[in-house]
Amino acid sequence: MTPPPEDPAPSAELVAAARTLSAERLRFAVPACLVSFGGFVVITVLAGFTTVLNVTVVGPLNLLTLLMVLGFPVVGVCAVLYSRRAAEWDRRTEEVLAAARRAELEKAEAR
Amino acid sequence: MSASPLTLGIFAAVIALTMGITFWAGRRNHGAGEHYVAGGQLTGRQNGLAIVGDLVSAAAFLGTVGMVALKGASAWFYVVGPFVAFVILLTVLAEPLRNLGRFTMADVVASRFRSRGVRASMAVNSLLVTVFYMISQLVAAGALISLLLGIPYWVAVIVVGILMTIYIAVGGMLATSWIQIVKAVMVLVCIALLFVLVLARYDFNPLALMQAASDASSFDLFATTAGALSGLNTLSVAIAVGLGTAALPHILIRFLTVPDVKEARKSMNFALVFVGFAFLVIPFIGYGAVSIVGQQAITQADKGGNLTTLQLSGVVGGPVFFAIVAAVTFATILAVVAGLVIAGSGALAHDLYNSILRKGRASEREQIYAGRIAALAVAVVAIVISLAAHNTNVSSLGAMAVVVAASANVPVLLLLLFWKRLTTTGVISGIVAGLTSAVVLILVGPQVMGPDAWYPLVYPTLVSVPLGFLGCWAGTVLSRPRPDESSFEAMQVQAQLGVRPAGEPAAAGH
């Protein structure tokens, strides 16, 4: 067995910030994945087990092809929304890390 | 088919260009960080284009166009599946992987679970996925290049094998990345030109193109057939190509080649635009092939339809465009196998040799040397098996790669990031359950056993992915945490904030 690591536990402030960020990311990721990948799985089930998606929309275009094409803008919208949220998380991450660095410096000066 | 001097000349130019990139990169390939992850110094846009190169492979450029022409609507699942999986990669995996990893996928898992068993099982899993995928690429490449250039199959395989070994041994990840970038630009230009040339014949009206394809097709090109078995097969294919493509090691290690999470996100967004464009127009190029080339001519050239893109490019663009598309196909194959060699050699040299056998004590020089030897070893094994597997069905090997990636990597990575109780035993049992169930079910499935198959579905993801999760759960509840496990909180701090524990080696680029 590998010897236990010697790394100290991260500070309570960092743990709390990481936990909040992780929860917020999940709150965004779960619905986004359900809409995109979940939607794709639903289309697959409908296309595999039924013929409802073979219905014509216009000319040769049927519902299955239309939904497949619509999958592309859905992914694009998810990416744009995610990037906006992630920019806010980046800003908060930088603030948390700057505060942690300041606390380290103060601790070092006090020593 | 024998090659024209023009085709041969453009093939030679592609080899010269990739060799030039390799020796340029070789002068910058000094340490293990440069060798495995390009020093973590690629920009988001560069890495994004390299991801485009990885995803728009010969399978997509040639295989999917042929599949649309010969199988119709079901081909859409092969382009939409990997594309919607982008959302999982972007929102869940890309940024934590960038913060947790160093050179390989095993590094990511070892950031929380430091046992040698975890690293070894993840490394063996990555190695198997990579070699399965590489053999399927090499066999397809050998058959295609021998057909295009009129050379024997074994010569084509050995030429591709030698080139990919030189790329990695000399230029490492930097060479691989730049070859992917150049190839991505070339393949995107070819796809755009082909799409415009096809659409121009129908007054730039996609509905008119679809109608012409529908009229020319011998079956309903846009409808699917419903049924219990076909439904389960469609669902298992969709999950395999979606989750599996997103979890292939040579795609995931791309996030370790950029300096921080912002660049990892930028590379995903950049890739998303161009992969989206390519995957959206590829089915329409397939419709063009049906209406312009015809299904009979397509099956006469190759029963699997793998030459459809080349046939169509010759008809709509003439011999010069045909030669360019053929050479870009060659570049595509070279770039993808090079990416696979670096992923496989990293698992062998960095995880199994340096981290386990040498307990992380190998010097920078020894690590580079081991990386080069590992690249040679991975390439030789893949070449020898590919030569022996000439007349076998290689699609089962390609399927094994994506199914194992979906069944072993996805459960472990998701639970590593979000399940506090996961233990070392849980990780190992999850990998073993996902890997073995995927391989066994493919071996007893229709791809290998034909009509006498014991398991009815072509892709076993409907069983093997849940078994991967079940393995993680069962291993966890039946075991206790080990003292060498890092806390879930420490992993979260590293994954979310990029703060590595004291004593941990920094990621490349820091």
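Guide: The expected span of a helix is 1.5 Å times one less than its number of residues. Please bear in mind that this is a predicted model.

Visitor: What makes the reach of helix 19 of chain B close to the expected one?

Guide: Helix 19 (residues 461–477) of chain B has 17 residues and runs 24 Å from its first C-alpha to its last. The expected value is 24 Å at 1.5 Å a residue, and the reach is therefore close to it.

Visitor: Which residues of helix 19 of chain B are called buried, and what makes them so?

Guide: Among them are Thr461(B), Val465(B), Gly468(B) and Cys472(B). Each is called buried because 20 or more other C-beta atoms lie within 10 Å of its own.

Visitor: Which residues touch the most other members of the largest nonpolar core?

Guide: In this core of 222 residues, they are Val109(B), Val160(B), Leu334(B) and Val337(B). Helix 14 (residues 308–357) of chain B gives the most to the core, with 26 residues. Leaving aside residues up to four places away in sequence, Val109(B) touches Val118(B), Met122(B), Val412(B), Leu416(B) and Val427(B).

Visitor: How many residues does each chain bring to the contact?

Guide: Chain A brings 54 residues and chain B brings 52 residues. Helix 5 of chain B gives the most to the side of chain B that touches chain A, with 13 residues. That side divides into 28 nonpolar, 17 polar and seven charged residues.

Technical notes. Residues numbered from 1 in each chain as written. Chains lettered and ligands numbered in written order. Predicted model: local features only at pLDDT ≥ 70, side-chain atom pairs only at ≥ 80, totals over all residues. Contact = placed C-beta atoms within 7 Å. Helix = DSSP H or I, 4+ residues; strand = E, 2+ residues; numbered from the N terminus. Nonpolar A, V, L, I, M, F, W, Y, C, P; charged D, E, K, R; others polar. Core = buried A, V, L, I, M, F, W, Y, C linked by C-beta atoms within 7 Å. Buried ≥ 20, exposed ≤ 12 C-beta atoms within 10 Å, placed from the backbone.
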